[in-house]
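Please look at the chain below and keep its sequence at hand while you read.

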Amino acid sequence: METKRGSLKMVLDRDYRVADVDERIFGSFIEHLGRAVYDGIYQPGHPLSDEMGFRKDVIDLVRELKVPIVRYPGGNFVSNFFWEDSVGPKDKRPERLELAWKSTESNQVGINEFSKWAKKADSSVMMAVNLGTRGIADACNLLEYCNHPSGTKYSDLRIAHGDKDPYNIKVWCLGNEMDGPWQLGGKTMEEYGRLAEETAKAMKLIDPSIELVSCGSSSIEMPTFPQWEATTLERTYDYVDYVSLHSYYGNRSGDTTDYLACSDDMDRFIRTVIATCDFVKAKKRGKKDINLSFDEWNVWFHSNAADDDITKNHPWQHHPRLLEDVYTFEDALMVGLLMITLLKHADRVKIACLAQLVNVIAPIMTDPDGGASWKQTIFYPFMHASTFGRGVVLQPSAHVTEHATSGHDEVTDVVYVPVYNEENEELTLFAVNRTLDKDVDINVDIRSFGDMKLLEHIVLENDDLNAVNSSAKENVKPSLSNDTKVEDGALTGVLHKASWNVIRLGKR
Ligand code: AHR
């Protein structure tokens with residue numbers, strides 16, 4: 001049988017720029033949920049833990065991912081979080097009921113510890129405040145504790161807790177998914193708009209240098225989307241810098257072709273939120289753009305039934321095994337597609353957080369009971385993008401073949417984004433061939449870059465779409481392709497069916 005073939009023809013010009021990539025697009029997220037913190041980043045007594053109880057092997061993996069910012073401490077967790085419980089002497093910190101995930105919280109890790117962990121991981125903290133069950137005063141007190149140098153009640157409390165220097169946390173989320181009926185202290189858009197406006201106003205009085213994220217809709221599926229964004233941003237426009245977007249994907253139907261088309265949904269979500277931000281800007285006769293913080297994105301569906309069982313039938317455990325999706329090869333393709341989609345919008349998506357980072361819907365896993373750490377399939381596309389995706393996103397002129405899907409009509413065979421790093425004079429083309437039956441021939445005109453050579457063509461491919469990794473065996477890992485060449489100002493090669501590709505070119 002003759003194999004079907006597709007084609008991708010592209011002209012790239014180094015001067016046709018979309019925008020510089022803000023490195024915070026490679027952010028991630030750690031919530032006090034399941035084994036993300038306890039048994040994840042923190043495990044005192046483990047042979048690989050440091051003097052603070054942080055797993056050094058996990059820190060090494062986070063460093064490998066090059067994550068510049070980590071959202072903390074939630075998520076749904078933050079909406080009933082009493083931050084004062086989690087600072088100061090550890091033996092005085094109370095055990096609390098954690099209502100969002102029906103667990104218990106020992107408070108042995110809080111901002112004192114997490115700010116140090118972030119430094120060890122070469123990262124920074126993006127902090128969320130509780131606008132569910134608490135409000136303006138609590139957000140102000142926490143900000144004073146974290147960022148004010150000294151001489152006031154909460155800054156001096158931080159110093160008394162051993163941290164003389166302020167944490168200087170730059171980015172703050174005004175609550176989490178406040179439109180969600182599941183959210184503790186959930187709000188209508190009018191209620192949230194007012195509360196977020198007043199909280200933002202007060203927080204910027206304390207520290208005008210911070211950047212604030214207003215809560216957008218919990219997903220594009222929410223019945224109040226996008227009116228929520230329009231109504232709340234009209235309130236918060238003068239004070240905030242970003243609006244949040246959250247989205248999770250999953251192959252629930254088993255139709256992989258349609259699953260891999262879902263990155264087009266993310267694209268539509270982003271475009272609609274940009275349009276809504278611009279509508280508010282126009283209505284306000286405003287000068288500044290509200291940019292996007294896509295601060296929760298990933299695949300999440302494998303663990304849903306197990307999570308329901310734990311929260312309904314076995315509540316109030318300390319760090320239970322919640323949201324422990326084990327990702328397949330096709331999920332890695334999906335994460336690659338989503339990462340490319342975020343990069344394509346680098347002009348407006350300035351922050352994005354892969355949700356989450358360790359054990360909970362995560363690229364990094366630790367085996368329970370003091371076991372080893374290991375890389376999930378999705379580790380690789382994220383790591384490649386974070387390593388080679390820094391520079392300027394270019395706007396290609398391109399033609400690509402298409403295929404039919406059950407739920408998304410015709411979609412492109414390939415989703416791609418070129419990133420040019422001017423400093424290193426390196427051009428990287430990220431591309432996912434999302435067909436299951438077509439190899440795609442590529443031809444890219446790169447004459448405007450001068451004399452370039454191929455550095456490497458990294459591929460993630462596997463005959464089994466359901467292949468997974470574990471601590472025992474890494475079935476899904478990158479290899480190098482030999483099909484690619486650069487000649488006479490053209491890059492030519494093949495993107496195999498169902499593959500993640502990183503084609504790197506440098507100066508000859
Ligand atoms: O990341 C898991 C959960 O997903 C977060 O707590 C919440 O914000 C979202 O619904």
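**Salt bridges across the chain**

Asp441 and Arg5 bring their side chains together in a salt bridge, with 2.8 Å from N to O; the term salt bridge is used here for a side-chain nitrogen of Lys or Arg within 4 Å of a carboxyl oxygen of Asp or Glu. The two partners come from distant parts of the chain, since Asp441 belongs to strand 22 (residues 438–445) and Arg5 to strand 1 (residues 4–11), 436 residues apart. Helices (H or I, at least four residues) and strands (E, at least two) are DSSP runs, numbered from the N terminus. The model is a predicted one, in which local features need pLDDT of at least 70 and side-chain atom pairs count only at pLDDT 80 or more, while totals for chains, interfaces and linings use all residues. Residues are numbered from 1 along each chain as its sequence is written, and side-chain values use heavy atoms, with hydrogens and water left out.

Glu324 and Arg35 are both buried.

In a further salt bridge, Glu64 meets Lys375 at 3.0 Å, N to O. Glu64 sits in helix 1 and Lys375 in strand 15 (residues 373–375), so parts of the chain that are 311 residues apart in sequence are tied together. Glu64 is partly exposed at 30% relative accessibility, whereas Lys375 is buried at 19%. Over the whole structure, a search finds 39 salt bridges.

Three strands form an open sheet with mixed pairing, in the order 5-6-12; two strands are said to pair if DSSP finds at least two bridges between them. Strand 5 (96–98) and strand 12 (317–318) are the edge strands, each pairing on one side only. Strand 5 runs antiparallel to strand 6 (residues 103–105), to which three bridges join it, and Glu98 stands opposite Ser103 in strand 6.

In the loop between helix 9 (304–313) and strand 12 lies Trp316, which is partly exposed at 35% relative accessibility.

Most residues other than glycine have a negative phi, and most peptide bonds are trans. His319, although it is not a glycine, has a positive phi of about 40°, and this residue lies in the loop between strand 12 and helix 10 (329–344). Ala498 likewise has a positive phi, near 45°, and its place is the loop between strand 26 (490–495) and strand 27 (499–507). His319 is partly exposed at 26%, while Ala498 is buried at 8% relative accessibility.

Which residues are joined by a cis peptide bond with omega of about 0°? Phe225 and Pro226 are joined in this way, and Pro226 is found in the loop between strand 9 (211–214) and helix 6 (227–236). The peptide bond from Ala355 to Gln356 is cis as well, with omega near 0°.

Terms used
Buried < 20%, exposed > 50% of the residue type's maximum accessible area, 1.4 Å probe, protein only.
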